[in-house]
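I opened this model to look up a few things and keep notes. My entries follow, one topic at a time.

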Amino acid sequence: MKLTLHEIQYTNIREMKDLTINLCDSEKPVHVSLVQMPNGVGKTTTMELIRYCLDGTANNLDKKKILSFKPPGRAVKTGKFEIKISVDNKIRIVSIKFDYEKATVTYFTSKTSTKGGGQSRGLNLGREIEPWLKDKDFVRLFVFDGELAGQLLSSESTSAEKAINALYLLNSLKNLFEDDGEIDQLLNDVLTEGAQTDKGIKNLSTRLRNAHRCKKKLDKLKADLTKKLGTVKWNIGDARDTIDKLRKKTDQLIRRYEKLISENSLIEKEIESATEDLMDKMRFPHNLSDKLVDQLKLLATQMGTLKLPKTQSMEFFEELAESKECVCGRPIGKKEKEQIKLRAKEFLTENNIGVINGVKTAIRNLPAQEKMADLVKIIKKNNRLKKLNERKILALDKKTKDKDKIKELTETVALWRIDEKECADQLIMLTEKRKEEQEIMDVTWETNIDLCINQIEDWQNKLAEAKGNVDFKNKAMLLKEILKQIHTESVLRLKKNILCKTNDKIEKILKSKDITISKIGNCLSLTDRSGVSEGQKLSIAYAFLSTLFSESPHHLPFIVDTPAAPLDLQVRREVAETLPSLFTQIVVFLTSGERKGFADRFYSKKSGCLFYTVSKSGDGVKLEKDITFFKNFQSEE
Amino acid sequence: MGFNMSSEARAYFRKLSKTKHGKLKLQFDFYYLCLIAGFLDERFSECKGEKFVDEFPSDFLIQRDQIIGLLIATEISRNKIDLKNRQRIEGIMLKLVKPDSPTQLSSEGESLMNQYAEYGFKRILEEIPTPPINLDSFLVRYYEKILCV
């Protein structure tokens, strides 16, 4: 199968009112098309819509998803996304029409190169190609889904095996020998066809048909349970990773939190101690102010100069007033007595003199002044530190709310574990092959696949015997076995070959022998490593897919968005060199940030490269097809 | 009479009196800080407060004579008394001191002390309007706004 992409056209799809991106030069698709789009303009949308055009899954979209393509803020009723492709050199135009009023989509396919001509309703790309494209996993390989890179390395996924089966046409082989495959169906037709006049044969045919229907139902249940189990396991793994990361982060935060609390406790002690010292000093007035000290000293000096307090007390004069004569020998009459008593009140009592002498002594012997400035500085400095720490503690307090998230996730994981166990138990019942276990579980051919297969075989044998088709039936079974062995052997050999070549490419891209794939099973297993970075994952995916494509009988375009964002410069250069050599057509949707190291590797190529820039303009977008504009475009992100 | 504090002043210092710092457990500490602020400005205000203590607490006995000395010195300075006028100075002392009183101050002396403290409280309220919660911050602000101006 040879598939190429010629043109992409948008009409009223999100920001794109009317936009056509032509990927051809003189009607032929160019080797490399680089379409630069800032984030939010429509890279992911374009990738999604291209996939829908090929695999037909737009019919399954819900109303909310359909309306998400409606241009925001514009009253439009319909929209259209269209791709022009070539399938084995035949031009096909696939359109998805969006009815935004009814929230529905309709496919149209045109089989001529003239748009609108020969248009039919539905997705009709031809019998040769449709079985491939209806496999969503197959389309994701070349309209590349970045999530696939992670899934290729996930032990829960079967992406690697699926990719090999899809690209090397092994699915057709599988379809022949699988249960309910083409051989089974043919055998069934032979065994149950014809005018079944015999009541016994008719009865057996009905039973066999019922058993086949039951087997289909059980197979579907198994597929659903396996998918659910895979999803639940992946969810649990993802949640546990998140819990581990949060725990690690929270533990660090708690350690910092505790350190700050302990620092603050020491700071508080220092503040307390300095405050007590300061208060001790403040309790002595002479420490508080020079002005007060000066006043006290002046008072002490004057008391000395004025000989205060006087040595004569009030009591001396009161006693003198009662005497008949004064100390000078002169007599004391009534008049003198009254005058002495009156003046005596101007003198201090002896007790008063004691108090004043106490004051005089206290202020004469003032202790040296103790300065308080240093203590004030210590308190201020520590208070600043304390406040700073308190702010940090508050900020950490908010961050440690991750604890709640951990609790919530742990509870969710516990619920998922119940789901996981239920799924696993149901799967065991459905697939158990050991007879004793089947008996213990009390399963029947209607609830167990193995028993159902046996039952089908039993009725087939009986029917073949009754109709004389035993030989035909045995040969059909033998053919199935042979085809199965061919398939197993083919897959093994392919895997071995792909493993070597993929490892060579990984080494070339990553310039290192540190990362290698040890085994290709359902997924890719790394040698002695449990994990790799996002950039390394993508590099491994490119190496694996490019190996698959280079050996595959299909010739497909490689359509990818933001292919280099997680890669460092050296890896980008290698990817830019490697990809074009592996595909006949590459369409890359990228941001301006990916020009360096990736897009710039294509600037010097004189032909076979197209450089488009799609950017916002007013309420829509505009398209520039110019390499200089491409090189210099600066998005407003 | 003893030492008085207005209800506003008591309310202002209420949160500090509950602080864990043992050193400031006395109501007299707040009174003393207000008193110093009044002495520094040599101004007083009418005080209608209630008595909270009869005498100088034991923690302030050593400082008692210094405080009485400050009252006398402030009164001499406020009344602009000539320092050579022995009679007037002695008169001030006579007016303020009473040895047999628990505070060793006359009722006039106690009243003046209370009025200086009340003015000092108003001064503090003007400089530090929010009632203090932390002793350390209050003392730093008292030092900067009252003592260092």
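**After a helix in chain B**

I began just past H2(B), where B:Glu42 takes a positive phi of about 55 degrees. I keep in mind that this is a predicted model.

Next I looked at the helix itself. H2(B) covers residues 27–41, 15 residues in total. I get 22 Å from its first C-alpha to its last, close to the 21 Å expected at 1.5 Å a residue.

Among the buried ones I noted B:Phe30, B:Tyr31, B:Tyr32 and B:Phe39. B:Asp29 is also on that list, as are B:Cys34 and B:Gly38.

**Where the chains touch**

I then turned to the interface. Here 37 residues of chain A are in contact with 36 residues of chain B. On the chain A side, H9 (199–282), H10 (285–288), H11 (290–305), H14 (350–364) and H15 (373–399) each supply at least two residues. Which helix gives the largest share? H14(A) does, with nine residues. I sorted this side by class and got 21 nonpolar, 10 polar and six charged residues.

**A sheet in chain A**

I traced an open sheet of five strands in chain A, in the order E12-E13-E5-E14-E15. Its pairing is mixed. The edge strands are E12 (558–561) and E15 (620–625), and each pairs on one side only. Neighbouring strands are turned by 15 degrees against each other on average, direction ignored.

E12(A) and E13(A), residues 586–590, pair in the parallel sense over four bridges. A:Ile559 stands opposite A:Val587 in E13(A). I also found helix H1(A), residues 43–55, lying across E12 and E13 of chain A. H1(A) runs at about 150 degrees to E12(A).

**A proline in a loop**

A:Pro566 sits in the loop between E12 and helix H21 (569–582) of chain A. Why does A:Pro566 count as partly exposed? I count 17 C-beta neighbours inside 10 Å, and being buried would take 20 or more.

What does A:Pro566 contact, leaving aside neighbours within four places in sequence? I found A:Glu534, A:Gly535 and A:Leu538. I also took a C-alpha distance to A:Ser539, which is 27 residues apart from A:Pro566 along the chain. The separation is 9.7 Å.

Technical notes: Residues numbered from 1 in each chain as written. Chains lettered and ligands numbered in written order. Predicted model: local features only at pLDDT ≥ 70, side-chain atom pairs only at ≥ 80, totals over all residues. Contact = placed C-beta atoms within 7 Å. Nonpolar A, V, L, I, M, F, W, Y, C, P; charged D, E, K, R; others polar. Pairing = 2+ DSSP bridges. Axes fitted to C-alpha atoms, helices over the stretch in contact; angles between N-to-C directions. Buried ≥ 20, exposed ≤ 12 C-beta atoms within 10 Å, placed from the backbone. Expected span 1.5 Å × (residues − 1).
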